[in-house]
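Here is a short report for a first look. Start with the overall picture, then turn to the details.

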Amino acid sequence: MCALCRQTPCDPRCPNAEEPKPAKICTQCGDGIPSGEWYYESPQGPICYGCIDDMSAQEILTILGEGMKIA
Ligand SMILES: [Zn+2]
Ligand SMILES: [Zn+2]
């Protein structure tokens, strides 16, 4: 329990309250990626797990830079 506001979690007005600021912003959907969440650091920027989950294997390989080739 917080000693200042005596609440758990802190009252939003308490100076000890944690900022709900995301650690990263997904470049695909624009959503915040909270710290502790998995994400992929692509050359274009962070991509959240939800976006990667929605991608096809080909899209994933493309952002991974594996260079899909046509035989
Ligand atoms: Zn507090
Ligand atoms: Zn996303």
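How many helices and strands are there in the protein chain? The chain holds two helices and four strands. From the N terminus on, their order is β-β-β-β-α-α. The radius of gyration is 18 Å, well over the 11 Å that the globule rule gives for 71 residues, so the chain is more spread out than a compact globule. Its C-alpha trace spans about 65 × 20 × 15 Å along the principal axes. Of the 71 residues, 7% count as buried. Take the contacts between residues at least 6 apart in sequence: 2% of them join residues at least 24 apart.

This is a predicted model. The chain averages a pLDDT of 87, and 96% of the residues score at least 70.

| Element | Residues | Mean pLDDT |
|---|---|---|
| Strand S1 (highest) | residues 24-25 | 94 |
| Helix H2 (lowest) | residues 57-64 | 83 |

Now the strand pairing. Strand S3 covers residues 39-42 and strand S4 residues 45-48; the two run antiparallel, joined by four bridges. Two residues lie between S3 and S4, which form a hairpin. Within this pairing, Glu41 stands opposite Pro46 in S4.

One loop residue deserves a look. Ser35 sits in the loop between strand S2 (32-33) and S3. Is Ser35 buried or exposed? Ser35 counts as exposed, because it has 9 C-beta neighbours inside 10 Å, and the cut-off for exposed is 12 or fewer. The C-alpha atoms of Ser35 and Lys21 are separated by 9.1 Å, with the two residues 14 residues apart along the chain.

Technical notes: Residues numbered from 1 in each chain as written. Chains lettered and ligands numbered in written order. Predicted model: local features only at pLDDT ≥ 70, side-chain atom pairs only at ≥ 80, totals over all residues. Pairing = 2+ DSSP bridges. pLDDT = per-residue confidence, 0-100. Buried ≥ 20, exposed ≤ 12 C-beta atoms within 10 Å, placed from the backbone. Rg over C-alpha atoms; globule rule 2.2 N^0.38 Å. Contact = placed C-beta atoms within 7 Å.
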